[in-house]
Amino acid sequence: MPPEMLIARSFQVPFFWLLVSLLAAIAGARVHWESSATERWLPDWLQSVDVQWRVVSTGLCMNLFGVLWLLAGGSGKPRETKRGQELQEAVLPKVAHFESQAPVVRKSSCQSAGSIPDAEDSFNWMNLCCWTPRSESSSVMRHNSYGGAPDLPMWLQDDSTLHPKFCGYRLKEPGSMPSLDRFLAEPLGSNVPPHWEFMLPACGDDERMKCRELRERVRHVRGSKDPITILRFLRARQGSVEAAAKMYETAMRWREGTGYELGFRLNNKDDWLHRRVDSCWPPTGLMGKDYDGDPVYWNRMGLGNLEFLEQAPSEFLVQHEVYTITRLMQAMEEASRLNNKPIMNFTVVADLGELSWRSFNIKGIMKYKVCVRTLEDNFPELVKRIIAIRVPRLAYTIWNIASHFFDEGTRAKIQIADGQHTMKVLSEVMDPKWIPEALGGTHRIGDSPWCEPIIPCPRGPPSAETMRALQAAYES
């Protein structure tokens with residue numbers, strides 16, 4: 001498309017005008033209102049600083065409502081014409097037959113991550129603003145060194161194994177695959193030595209006394225009362241023993257009532273469908289450690305398929321969230337025993353590199369919110385810090401402005417880095433040997449610079465067969 005046509009077309013996109021007005025409002029907010037030059041052209045009714053800020057705030061709110069309205073207008077799915085439906089009905093059966101006869105190599109959206117999407121098909125100004133340039137070395141390559149058939153990897157051939165995404169913390173040195181054996185089947189807190197109470201990270205005498213008080217307050221509630229669990233609930237309520245006791249009682253009754261966590265821990269709850277979904281959702285994996293020795297949890301949020309969340313049964317998604325959290329806790333518990341010290345938190349690295357407006361799906365986001373609340377309300381204080389990397393340009397600019405509104409403690413726990421500063425920020429909290437080569441580090445597994453399959457790189461939603469199995473299991 002010629003540049004002049006591209007520009008003419010882009011001006012018809014409502015998002016473009018929203019972006020222009022948003023930036024204008026931010027720029028206006030930075031004007032020194034009391035300057036004489038400003039007073040000369042402002043009308044009398046706008047001379048008041050209070051009125052000026054109200055105008056700016058109203059403009060920002062209107063932009064927010066406009067964005068929400070546009071997002072709510074659809075799930076991002078392309079509209080299908082009658083002709084397109086006829087073609088699908090004619091072609092899809094043949095494609096399904098072909099896929100059943102031979103494996104198909106699918107092109108990943110990540111493999112062309114270093115270029116802007118084709119303008120004829122998908123150009124809009126918001127995708128341009130959210131695009132982050134990446135080098136050719138960051139392209140994703142399929143990793144086949146784990147063994148097994150292309151459609152049935154090793155961890156799905158035997159019930160005694162787990163997905164590598166849960167086992168990466170077992171690595172002593174980078175560059176190899178960890179053991180995929182299941183974790184020890186035991187209830188939470190059953191093998192926590194009493195002396196660990198004095199080894200809890202950043203826990204002083206005052207906090208230890210509150211932990212003992214909290215343990216006494218909830219002695220009648222069924223659930224683990226080991227030092228790590230008690231401290232997590234206390235810190236989740238900022239040291240308030242009364243609030244922590246209420247949260248502990250609610251969470252433990254929910255965990256016992258559902259039976260999900262204990263079932264996954266003791267391996268007496270069928271997790272076959274969960275293991276089938278592991279490579280697609282969530283696109284996360286434990287791998288490496290920070291300078292404190294705590295695990296690093298890599299989350300490739302930009303590759304998350306929200307259409308899968310929209311289609312998957314809600315009950316399965318809640319179970320899958322508990323299944324994932326349980327495996328992460330088991331990995332930390334295993335490392336705690338081996339190192340003879342309590343490990344209770346992990347660093348989250350959220351990669352937004354592939355995120356675009358087409359990733360947003362209102363129904364999927366609402367289901368994702370339920371999953372997040374399941375974690376926050378019932379399994380608190382697992383996260384040590386969050387580092388968002390390869391953040392799109394617009395979000396990075398807005399965060400640099402908004403971060404000054406937060407106190408120093410909050411800013412220290414949440415770090416934001418665009419593509420140019422990703423390696424610098426990551427190397428401040430972990431050894432570069434644990435950072436994937438695709439992000440500027442030296443860690444590579446086989447031919448994968450993204451360290452697949454420990455860090456999954458999903459090419460789309462789970463297979464049609466898996467989706468049919470989910471619907472049959474949870475809607476019958």
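A: Strands β5 (residues 346-351) and β6 (residues 383-389) run parallel and are joined by six bridges; two strands pair if DSSP finds at least two bridges between them, and strands (E, at least two residues) and helices (H or I, at least four) are DSSP runs numbered from the N terminus. This is a predicted model, in which local features need pLDDT of at least 70, side-chain atom pairs count only at pLDDT 80 or more, and totals for chains, interfaces and linings use all residues. Residues are numbered from 1 along each chain as its sequence is written, and side-chain values use heavy atoms, with hydrogens and water left out.

The open sheet has five strands in the order β3-β4-β5-β6-β7, with mixed pairing, and its edge strands, β3 (284-289) and β7 (414-416), each pair on one side only. Helix α14 (residues 314-339) packs on this sheet and touches β3, β4 (295-299) and β5, where contact means heavy atoms within 4.5 Å. The direction of α14 makes about 155° with that of β4; axes are lines fitted to C-alpha atoms, for helices over the stretch in contact, and angles run from 0 to 180 degrees between N-to-C directions.

The largest nonpolar core has 28 residues, and those with the most contacts inside it include Ile325, Phe346 and Leu382; such a core is a set of buried Ala, Val, Leu, Ile, Met, Phe, Trp, Tyr and Cys residues joined through side-chain atoms within 4.5 Å, buried meaning under 20% relative accessible area with a 1.4 Å probe, protein chains only. Helix α14 gives the most to this core, with nine residues.

Terms used. Buried means under 20% relative accessible area, exposed over 50%, partly exposed in between (1.4 Å probe, protein chains only).
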